[in-house]
Amino acid sequence: MTSSSGLSSAQAAARLARDGANVLPRKPPTPLWRRVTGQLRDPLIVVLLVAAALTIVTGDWTDATVIMLVIVVNTTVGVAQEVRADRAITALADLTTPEARVVRDGRQRRIPASEVVVGDLLVLAEGDIVPADAEVVESAALLVDESALTGESVPVDKGAAARVSSGTVVVRGRGRAVVTATGAASASGRIAALMEKGGGLTPLQRRLAGVGRLLAGVAVVLSAVVLVLGLIRGQPVELMVVTAISLVVAAVPESLPAVVTLSLALGARRMAARNALIRHLPAVETLGSVTVLATDKTGTLTEGRMVARHLWTPYAEAAVSGSGYAPGGAIETEDPSRFSALLEAAALCNDARLSPPQAEGGEWTALGDPTEAALLAAAARLGLDRAELQRRFPRVAELPFDSGRKRMTTVHLLPDGGARLICKGAPEALLRPGVLTDDPALVARAAESADRYARDGYRVLAVAAADLDAVPASVPETGLSLLGLIAILDPPREAAAGAVADCKRAGIKPVLITGDHPGTARAIAAELGIVGPGEVAVDCREPGGALVDEGGPGGALVDEGGPAAVYARATPEQKLGLIESLRDRGEVLAMTGDGVNDGPALRRADIGVAMGRRGTEVARQAADLVLADDNLDTVVAAVEEGRRVYANIRRFLVYGLSGGAAEIAVMLLGPFLGLPLPLLPAQILWINLLTHGLPGVALGGEPVVPATMARPPRPPGQSIMGAGLWQRVVRIAIVLTGVTLGVAVWAAATGRPWQSMAFFALGATQLGVALGTRTRPRSLANPMLLAAVAGALVLQLAGLYVPLLQELLGTRPLAPGDLLIVLVLSAAGYAAARLDRILHPSRS
């Protein structure tokens, strides 16, 4: 056991050498080359690399350059995302205070927090951040805010033998504590270890990886069939090999990563305008996939500030309006003066202070115990001036609050020379025999009211007083008369109920996971509409996660019936376990939080959402999305953006894959219709470059589909090609193929330049599909797409009429009449896309 003189310098040096510095462990940095190769192993990128190599073999440097540019951009974005994610661990180190006060060699000294060792005697005072886990040996009204670490909204009193954790903050009193764990063994260190677990692939990445593998296989097989058929018909080997390679390139929508990146970037920009700051680009789309929104309570669903909501006296009861610590608000009763004695006493028996805003538009802040600050704010709403009360009734003696007595007592001088004894504390400490002189029936009524408030999730304080003839030699805590009860809570945010309702309307299940008390958690959840009258909360500290409110055994935290709506008193490890259980069930999960204890869960969730104003740096660094306004409504807006992004990616897939499928079908079926080689390799690549280039990328900027947030989220296991998308691709490809082959067969039969007409028809018809897939076809929304289609059409015409391109592509100019015929027929692409959406509406 450490003595009151602390460790000697020699002892401290030996322990520092044995245990290491009081810093959090950090992984060695991942080499850049390893990050790059990891990104290049993505199946879709592998397909693009193969396509790039093949285009280089054919000498098509233009197409090869475009493909390589897409690969470079995609890889750069991916590497940057990895680097940002790794900062979450580094941010935990910032929680350690730069200096700590310890007793060494019998003297109090300031040392770097990194040099604190097990056995050091810490000296703690108001405002200090605890530098390491420790056990309290001396305490004088020591109150510690553990909300960032545990989620508890109320500061915790720490008496002798109590434990304090690294990263928590002393909000009142003073004390001394012996260090029991440092660095990796401390509370912050254990959380850092949990955050080492990676988040895995996002839903979008998993779906695109599957599409990439499928496309690679299909493209290779069909191109091989074309190669074989051409060789059987006597075509030159070199020509057919080049043609097959060109078809592989055409079948792979190489601009898909560019479309994804643009869609995500546009979504991120729109979210930023709505106070949602994206740190991890794939998180934009992931929000659109969310099926469960898991949120903590303090500071997210609630204001993160204690507020007095109800007053009770033996003669009257009233609600208190107003928010935060500002004096605005009122005691909602016909005669507020009935509560003046209660609130005067609560303001006098009080060590907190309220600070007005430092700048215009700022908020009032509390110094000291937030619960006591709530009492001062309630007194101000009655018009009571705390400074004036202190002048009239100066404090002359006190007994500070401690966890054993569960109350605080002060003595104040009265103007007539007498004294007033005021005591406030837990109802069970005051409403018991020997303390109050009131009628037992009145005390019983008070106890019943206190129980009612507690069941509704309030923290209840009882206040009693007694007038004495003179200042007592010692402070008594008996012979008091009950003044009343004050019910306090951390109130829900005004916008939170609307956000919860919006989530439910969009088919997203809200789940509350908090370190707070089950009764408090369930009361807030009920007020916000997360739970109904018959639903219960899970107390994670009970064996097996026993259900509270109803009694009886609980069992698994996440069972076959799905997650409960409220999980209370959850540790960081349990939060992480819940997240993993939900993900194992196939849910796509968003987790909101603001504390250190939320860091591992934010890191592991499909999408981590941190509060920007109240959130800790650890939470912000671990998250994919930071809410600049700390408003849960912003998450709902972000979900809408995510759904828009996903719909646009699917829109591009319809457009790109139907065109690629048509190109392959034309090459497969043409020879059977008397067209030996419907398109030359250069013509295939030119069409592919124009259609999959700017028009395809521009589809990523399409506006949101109407009524998006009135639809449920897509099933977590659904392929990106699901919900009828494959069928749409096939139906549109049939139209494209039919138009192209029809034009070619007619042109060949009438002696026209059939190959050039087929070339123009296939490209122009695909551009018609791009226009037909628009969200709002009759508006000027997304002008980038209109300009891109117009530009691509001009370049397609240039392929027919510019001599240099004629030589490169093997085309011939078309007569004006022939050109007009092809242009009219190419409108079938637009009609096919629009008609298909009308007859076969899908989720995108």
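Which residue of β24 stands opposite Asp539? In the predicted model described here, that position is taken by Ala568. The two strands concerned, β21 and β24 (residues 566-568), pair in the parallel sense, and three bridges connect them. The following paragraphs place this pairing within its sheet and then turn to the other elements of the chain.

The chain contains 28 helices and 27 strands. Of its 844 residues, 55% count as buried. Among contacts between residues at least 6 apart in sequence, 72% join residues that are at least 24 apart.

The pairing of β21 with β24 belongs to an open sheet of eight strands, which follow the order β8-β27-β26-β25-β9-β20-β24-β21 with mixed pairing. From one strand to the next, the twist averages 20°.

Within this sheet, strand β9 (residues 292-295) stands between β25 and β20 in the strand order. Four bridges join β9 to β20 (residues 509-513), and these strands run parallel; Thr295 is placed opposite Leu512 of β20. The pairing of β9 with β25 (residues 589-593) is likewise parallel and comprises four bridges, with Ala590 of β25 as the bridge partner of Leu293. The side chains of β9 are divided between two directions: Val292 and Ala294 point one way, Leu293 and Thr295 point the other way, and all are buried.

A second open sheet is also formed by eight strands, in the order β12-β11-β10-β19-β18-β17-β16-β15, and its pairing is antiparallel. Here the edge positions are held by β12 (331-332) and β15 (395-402), each with a single partner strand, so one side of each lacks a neighbour in the sheet. Strand β15 pairs with β16 (residues 407-413) in the antiparallel sense over five bridges, and Arg395 stands opposite His412 of β16. Helix α11 (residues 340-348) lies across several strands, including β10 (307-312), β17 (419-425) and β18 (459-468), and runs at about 75° to β19 (481-489).

The loop between β15 and β16 contains Lys406. Phi of Lys406 is near 60°, a positive value in a residue other than glycine. With a relative accessibility of 37%, Lys406 counts as partly exposed. A positive phi, near 55°, is also found at Asp105, again a residue other than glycine. Asp105 is located in the loop between β1 (99-104) and β2 (107-112) and is partly exposed, with a relative accessible area of 40%.

Among the helices, α10 (residues 282-289) is largely enclosed by the rest of the structure, because eight of its eight residues are buried. These residues are Pro282, Ala283, Val284, Glu285, Thr286, Leu287, Gly288 and Ser289. Gly288 and Ala647 are 359 residues apart in sequence, whereas their C-alpha atoms are 9.3 Å apart in space. Ala647 is located in helix α21 and has a relative accessible area of 8%, and it is therefore buried, the cut-off being under 20%.

Two packed helices are described by the angle between their axes and by the distance between the axes. Helix α21 (residues 632-669) packs against helix α24 (residues 725-749) at an angle of about 45°, with the axes 7 Å apart. The angle makes α21 oblique to α24, and the crossing of the two helices is right-handed. On the α21 side, the contact is made by Arg650, Leu653, Val654, Leu657, Ser658, Gly659, Ala661, Ala662, Ala665, Val666 and Leu669. The contributing residues of α24 are Leu725, Arg728, Val729, Ile732, Ala733, Leu736, Thr737, Thr740 and Leu741. By residue type, the contact of α21 with α24 divides into 14 nonpolar, four polar and two charged residues.

Technical notes
Residues are numbered from 1 along each chain as its sequence is written. This is a predicted model: local features need pLDDT of at least 70, side-chain atom pairs count only at pLDDT 80 or more; totals for chains, interfaces and linings use all residues. Side-chain values use heavy atoms; hydrogens and water are left out. Buried means under 20% relative accessible area, exposed over 50%, partly exposed in between (1.4 Å probe, protein chains only). Axes are lines fitted to C-alpha atoms, for helices over the stretch in contact, and angles run from 0 to 180 degrees between N-to-C directions. Angles under 35 degrees count as roughly parallel, over 145 as roughly antiparallel, 65 to 115 as roughly perpendicular and the rest as oblique. A crossing is left-handed if the near helix is turned anticlockwise from the far one by less than a right angle, and right-handed if clockwise. Contact means heavy atoms within 4.5 Å. Ala, Val, Leu, Ile, Met, Phe, Trp, Tyr, Cys and Pro count as nonpolar, Asp, Glu, Lys and Arg as charged, and the others, Gly among them, as polar. Two strands pair if DSSP finds at least two bridges between them.
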